[in-house]
Amino acid sequence: MNQQTNPDREARNILIANDRGGYTIPTEGLYPYQWNWDSAIAALGFAEFDNDRAWTELETLFSGQWSDGMVPHILFHKSDPGYFPGPDVWGCNGPIPSSGIIQPPIAATMARRIWEKDRTVGEARVRALFPAMLAWHRWVMKWRLDDRGAVCTTHPWETGRDNAPDWDNTMARIDASDVGEYQRRDTSHVNSEDRPTKFDYDRYIKLVQIGRQSNWDQQTLLSANPFRVADPTMSFTSLRAARDLLALSAALGIEADGLEDDIARLEAGALSLWNDDLGSFDSRDAHSGEWSESVSNASYMCWFAGIDSEKMLDRLRHTLDTVPYPIPSYDPDMPKFDARRYWRGPTWAIINMMVGIGLNDMGHTKEAEQLRAKTGDLISAYGFAEYFDPTTGSPAGGNAFTWTAAVWLHWAG
Ligand code: 9WN
């Protein structure tokens, strides 16, 4: 246990220490670059004590936007040998060296929250960012939807839930026998038992090689990429982002054609991820149509997207009552549950926050408060870890982690 004496101060200090000048790294050593959704959460944390710095974080993120609207999942501002795969492996040609995939598009949602917190500082900044945020949303609409309107991930890293059981069947069909030799760096920073396996890493790298061979051309990748899975993380965050962009455009008097239609399409897509036999929102392979049969923490992000579900609420109540440190990233009653292996069981404060925000927005204030209090207790008892064992609370992965500190400042603390 790492009972903290002044967690507010410690959380602010983590953000300040991880600031690399206009952008924030997730944690020293393990993740030395700017990650997309981490950065949006970091901005939310900064907004609690330095609104100007919060906007700078988002502006730096969008400075890496490609000319077609795509905002990469990693921006490699300065090369660092401590992380693999780096810019030389991705081989991308955006304005800043980067990866060639995205992450859940939560920046517009966080921009709206930051603007609502301080409209004086935020007015000009949010106006200036709006076209870039809209362009990214349109890129997602153009390249990531399946035929039912659900949003697909084209690499496990794109969802931010790297080794979730959701991808197991699709990953097992990928031939990575010719991936070649490479040197992982993650396991030299943290315990390899808490990280994805070599089987998964071979396929992560194989998918990067396929992307690079296709010159990161999305049209080519529609057929060249064997990995395309419609997923709750991408679907719920994209729907939420569209709603927040619409709200911003109305409040600021900025024209943004098509958002209502996009919302209707994304809503239908998100609802199509309901797996009735499983009794949960689930992922679906976009090529084969097969369900993942996976109840993950992303399944509970429906409320964040403005979608209510009595069945998910029952599940959540059961989880809050039975799991010591909820929400586990994979259902503990399912055979693949692994309390420490990354996205196959551990609890992640950022997902809890997004679920909590959604619950609150939709009037489920009792459950929202329960989840907030439990997340706050977890962080104050065990520290600002990357993620936590849901059965014991013990911290795992990197420490002094930016997004856990930001979640504390904005929501849990
Ligand atoms: C690959 C930075 C990122 C998070 C992801 C998390 C992990 C990277 C990795 O770290 O992914 O993008 O190398 O494991 O899964 O959600 O954004 O914190």
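## A buried alanine to start with

Let's begin at Ala400, which is buried, with 21 other C-beta atoms within 10 Å. That clears the cut-off, because a residue counts as buried if 20 or more other C-beta atoms lie within 10 Å of its own. Keep in mind that this is a predicted model.

Ala400 sits in the loop between strand S9 (395-396) and helix H17 (402-412). Its phi is positive, about 45 degrees, although Ala400 is not a glycine. As a rule, most residues other than glycine have a negative phi, and most peptide bonds are trans.

You'll find Tyr342 in the loop between H14 and H15. Tyr342 is buried too, with 25 other C-beta atoms within 10 Å.

Then there are the cis peptide bonds. One runs from Phe84 to Pro85, with omega near 0 degrees, and Pro85 belongs to the loop between strand S2 (74-75) and helix H4 (87-90). Another links Pro326 to Ile327, with omega near 5 degrees. Ile327 is in the loop between helix H14 (310-322) and H15.

## Helices H15 and H16

How do H15 and H16 run relative to each other? The axes of H15 (residues 349-361) and H16 (residues 365-382) come within 8 Å and cross at roughly 160 degrees, which makes the pair roughly antiparallel. Their crossing is left-handed.

On the H15 side, the contact includes Ala349, Val355 and Leu359, while H16 brings in residues including Ala368, Leu371 and Ile379. Sorted by class, the contact has 6 nonpolar, 5 polar and 2 charged residues.

## Helices H5 and H6

H5 (residues 107-117) and H6 (residues 119-143) have axes that come within 9 Å and cross at roughly 165 degrees. These two are therefore roughly antiparallel as well, and H5 passes H6 in a left-handed crossing.

From H5, the residues Ala107, Ala108, Ala111, Ile114 and Trp115 meet Arg119, Gly122, Val126, Leu129, Met133 and His137 of H6. The class tally here is 8 nonpolar, 2 polar and 1 charged.

## Stepping back

Across the protein there are 17 helices and 9 strands. The radius of gyration is 19 Å, close to the 22 Å that the globule rule gives for 413 residues, so the protein is as compact as a globular protein of that length. Its C-alpha trace spans about 50 × 50 × 45 Å along the principal axes.

Buried residues make up 55% of the 413. Of the contacts with a separation of 6 or more, 71% come from residues 24 or more positions apart.

Note on methods
Residues are numbered from 1 along each chain as its sequence is written. This is a predicted model: local features need pLDDT of at least 70, side-chain atom pairs count only at pLDDT 80 or more; totals for chains, interfaces and linings use all residues. Axes are lines fitted to C-alpha atoms, for helices over the stretch in contact, and angles run from 0 to 180 degrees between N-to-C directions. Helices (H or I, at least four residues) and strands (E, at least two) are DSSP runs, numbered from the N terminus. Angles under 35 degrees count as roughly parallel, over 145 as roughly antiparallel, 65 to 115 as roughly perpendicular and the rest as oblique. A crossing is left-handed if the near helix is turned anticlockwise from the far one by less than a right angle, and right-handed if clockwise. Two residues are in contact if their C-beta atoms, placed from the backbone, lie within 7 Å. Ala, Val, Leu, Ile, Met, Phe, Trp, Tyr, Cys and Pro count as nonpolar, Asp, Glu, Lys and Arg as charged, and the others, Gly among them, as polar. The radius of gyration is taken over C-alpha atoms; the globule rule is 2.2 Å times the number of residues to the power 0.38. A residue is buried if 20 or more other C-beta atoms lie within 10 Å of its own, exposed if 12 or fewer, and partly exposed in between; C-beta atoms are placed from the backbone.
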